[in-house]
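Please read each point with the sequence and the coordinates at hand.

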Amino acid sequence: MTRRAPLLLLGVPFVLAVTACAGRIAARSFPPASAQDVREALSAWDAAQARAAGMAPSKLLYAAHMGTSGLPSVPGTLAVTYDGQRILTASLTGPFGSRIAEYRDGAVTGEDREAFIVDPEAMRSVLAGVWLGAPTAVAGRDGSDCLLTWEGTYRVDAVIDVREQKLRSLRVAGSGGRLEATYSGGLNPWPQRVALKEEQSGRSLSLTLLAAEPLEKGTMPLP
């Protein structure tokens, strides 16, 4: 039976399956948001969504470091093809080009050749530093950071810097595990650095964007 995985942990294995049954992930304390805080947070969120929506079709190349708690990290690369709306392909390789996992046509195939169906919008959102739709609530504010929450299919917390209008972190929780993404560096317009960690297994993946080139119209990914 094919399994559906709404989020990717681009490591070994390539997939983190997340559903809505797990509780909210505890994080730093945020004092309650005022009405002004809510307006500023939603304005910053709209700006972040507009940036992501305006991303041009691109080929992206990341330096990757894959790790598991207690073990040294392993270097690799992640190559991504984005058509302006969705991720078409993503290929994760390890040292000396060894194949770890590949995403294509909405499915991920790993070293064991087992295919997982993946939500392409969720994958795009994590790499772009946004999430799906409008937040359910602005749960609090600490300095320039506001905590946004989503209730529904996924349990999601996102911390947004309202001054810089970009995410600092994104947490998604479900019965399949907990995924945390943290963002640092600039925006070009993709986040420069993304660090992913699956809390239950301790697997992690750190990505640094090395290059982003325009994807020519009509370009098809190689088989």
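1. Y82 is buried, its relative accessible area being 0%, and W190 is likewise buried, with a relative accessible area of 1%; here buried means under 20% relative accessible area, exposed means over 50%, and partly exposed lies in between, with a 1.4 Å probe and protein chains only. The ring centres of Y82 and W190 are 5.1 Å apart and their planes stand at 90 degrees, so this pair is edge-to-face. Because Y82 belongs to strand β5 (residues 74-82) and W190 to the loop between β14 (177-187) and β15 (191-198), the pair ties together parts that are 108 residues apart in sequence.

2. The model is a predicted one, in which local features need pLDDT of at least 70 and side-chain atom pairs count only at pLDDT 80 or more, while totals for chains, interfaces and linings use all residues. Residues are numbered from 1 along each chain as its sequence is written, and side-chain values use heavy atoms, with hydrogens and water left out.

3. The mean pLDDT (the predictor's confidence in each residue, from 0 to 100) is 81 for the protein, and 79% of its residues reach 70 or more. Over residues 1-26, however, the pLDDT is below 50, although this stretch has 100 contacts in the model beyond near neighbours in sequence, a contact being heavy atoms within 4.5 Å. Where pLDDT is low, the predicted coordinates should not be read in detail.

4. Two aromatic pairs are counted under the rule that rings of Phe, Tyr and Trp (its six-membered ring) pair if their centres lie within 6.5 Å, with planes under 30 degrees apart counted as stacked, over 60 as edge-to-face and the rest as tilted. One of them joins W45 and W150, edge-to-face, at 5.2 Å centre to centre and 65 degrees between the planes. Since W45 lies in helix α1 and W150 in strand β11 (residues 145-150), this pair ties together parts 105 residues apart in sequence; both W45 and W150 are buried.

5. Which residues of helix α1 are buried? They are D37, A41, A44, W45, A48, R51 and A52, and they cover an arc of only 120 degrees around the axis (taken from the directions from the helix axis to the C-beta atoms), which puts them on the same side of α1. On the other side of α1, A35, R39, D46 and A53 are exposed. Helices (H or I, at least four residues) and strands (E, at least two) are DSSP runs, numbered from the N terminus.

6. The count of salt bridges comes to 11, each being a side-chain nitrogen of Lys or Arg within 4 Å of a carboxyl oxygen of Asp or Glu. E213 and K59 meet in one at 3.8 Å, N to O; as E213 lies in strand β16 (residues 204-214) and K59 in strand β4 (residues 58-67), the pair ties together parts 154 residues apart in sequence. E213 is partly exposed, at 43% relative accessible area, and K59 is also partly exposed, at 39%.

7. D145 and R168 form a salt bridge whose closest N and O atoms are 2.6 Å apart, and the pair links distant parts of the chain, with D145 in strand β11 and R168 in strand β13 (residues 166-174), 23 residues apart. D145 is buried at a relative accessible area of 6%, whereas R168 is partly exposed at 38%.
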